Amino acid sequence: MVAREDVLKALERIVDPASGRNVVESGMVEGLVVKGGNVGFALEVAPSRGRDAEPLRKRCEDAVAALPGVLSVTAVLTAHQGKAPDAPRAAPAPAPSGIAGVESIVAVASGKGGVGKSTVAVNLAIGLARLGLKVGLLDADIYGPSVPRLLAIREKPGQGADHKLIPIEKFGIKTMSIGFLVEEETPMIWRGPMVQSALTQMMNDVLWSPLDVLVVDMPPGTGDAQLTMAQRVPLKGAVIVSTPQDLALIDARKAIAMFEKTKVPILGIVENMSTYVCPNCGHESHIFGHGGARRTAKAMGAAFLGEIPLVGSIREMSDAGTPVTAVAPDSAEAKAYFTLAQEVARTLKAPLRAAPRIVLE
């Protein structure tokens with residue numbers, strides 16, 4: 001099994017032509033993560049060098065890939081302004097370019113954490129797949145990836161042509177997450193530019209094709225990762241997830257405003273944890289209020305995509321890595337997710353190839 005020391009020794013043989021020193025000695029290697037045979041790291045360069053440093057990145061990646069026991073290598077270029085205070089101002093972000101073989105990219109976002117966004121994203125992706133679409137799911141939360149747990153994926157992605165990662169397939173969808181490459185308890189202590197580069201590579205250096213829809217589980221908030229996705233990827237739209245209470249809806253409105261400023265269409269708002277249903281008597285209670293997302297959608301001129309109940313079985317299945325849409329597609333709990341999937345597919349005009357397994361009224 002490859003060790004961290006082996007990776008550093010391999011990188012010490014790569015000399016940066018700009019400084020004449022090897023990339024380890026010059027402090028260019030950041031955020032090195034070694035998990036099994038999977039290696040990830042960032043190569044930090046001055047902003048003025050930009051993509052001119054790509055050949056150096058490739059040499060570093062190839063050097064590590066040649067080590068015995070290495071299964072995959074993810075090396076990203078980052079530019080930290082502190083490294084070069086006199087560097088010229090960065091150029092404007094390039095126009096968004098698509099991912100080869102991917103027809104539509106949809107972001108599932110929220111203004112804050114704790115609203116069940118990742119659970120919605122996973123079940124939306126599986127719901128779209130059960131409608132007959134070719135679907136991928138990208139976990140874009142670098143600091144707190146949830147997809148490995150929600151899908152019970154513990155294996156590592158393999159490497160295909162041109163050193164691109166092969167997404168892991170489960171429940172009929174292709175998936176990729178930084179969580180596949182690091183231990184669950186390992187913190188990702190990366191600066192913003194490193195996160196942006198990692199996201200860019202998880203989109204462009206993964207063998208996604210062919211896909212009708214790539215669902216992106218966004219991190220909560222309106223920071224670097226969200227702006228990277230909105231500015232560098234031609235998103236067909238965003239699904240905003242919120243719980244009914246006012247505190248969550250304040251942040252949901254911020255998320256909507258961010259996407260609107262970056263010219264990303266809002267596909268609609270989902271009210272998660274809308275109604276608590278007692279598993280014993282079936283009584284419904286509005287623990288977090290009710291109807292707030294619907295009212296917000298109406299006030300902001302956005303579509304309302306439905307209510308997802310607060311049901312213990314959804315939480316239990318999610319924690320077990322067996323999403324309700326995958327293991328209990330005919331259940332009442334799955335119905336809201338299939339309704340959401342149909343609304344998203346209809347908006348995208350995606351080519352449905354099958355009927356859902358439950359009757360949607």
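Glutamate 343 is partly exposed, with a relative accessible area of 27%. In this report, buried means under 20% relative accessible area, exposed means over 50%, and partly exposed covers the values in between, with a 1.4 Å probe and protein chains only. The model is predicted: local features require a pLDDT of at least 70 and side-chain atom pairs count only at pLDDT 80 or more, whereas totals for chains, interfaces and linings use all residues. Residues are numbered from 1 along each chain as its sequence is written, and side-chain values use heavy atoms, leaving out hydrogens and water.

The side chain of glutamate 343 meets that of arginine 346 in a salt bridge, at 2.7 Å from N to O. A salt bridge is defined here as a side-chain nitrogen of Lys or Arg within 4 Å of a carboxyl oxygen of Asp or Glu. With a relative accessible area of 54%, arginine 346 is exposed. Both residues belong to helix 11 (residues 332–348), three residues apart, which is about one turn of the helix. Salt bridges with shared partners also join Glu54, Arg57 and Glu61 into one network. By the rule given above, the count is eight salt bridges.

What joins the side chains of lysine 58 and aspartate 62? They meet in a salt bridge, with 3.0 Å from N to O. The two residues lie four apart in helix 2 (residues 54–65), about one turn of the helix. An α-helix has 3.6 residues a turn, so residues three or four places apart point the same way. Lysine 58 is partly exposed at 32% relative accessibility, and aspartate 62 is partly exposed at 30%.

Aspartate 217 forms a salt bridge with lysine 117, their closest N and O atoms being 2.7 Å apart. Because aspartate 217 is in strand 10 (residues 211–217) and lysine 117 is in helix 3 (residues 117–130), the pair ties together parts that are 100 residues apart in sequence. Are these two residues buried or exposed? Aspartate 217 is buried, with a relative accessible area of 1%, and lysine 117 is buried at 6%.

The expected span of a helix is 1.5 Å times one less than its number of residues. For the 14 residues of helix 3 this gives 20 Å, which agrees with the 20 Å between its end C-alpha atoms. Glycine 132, which follows helix 3, has a positive phi, near 100°.

## A buried aspartate in a loop

Aspartate 16 is placed in the loop between helix 1 (4–11) and strand 1 (29–35). At 3% relative accessibility, aspartate 16 is buried. Apart from residues up to four places away in sequence, aspartate 16 touches Arg21, Asn22, Val23, Met28, Arg49 and Leu56; a contact means heavy atoms within 4.5 Å.

## The protein as a whole

The secondary structure consists of 11 helices and 14 strands. These are DSSP runs numbered from the N terminus: helices are H or I with at least four residues, and strands are E with at least two. Of the 361 residues of the protein, 53% count as buried. Among contacts between residues at least 6 apart in sequence, 74% join residues at least 24 apart.

The accessible surface of the protein is about 16,000 Å², and 53% of this surface belongs to carbon and sulfur atoms. Accessible areas come from the Shrake-Rupley method with a 1.4 Å probe, and for residues only the protein chains shown count as cover.
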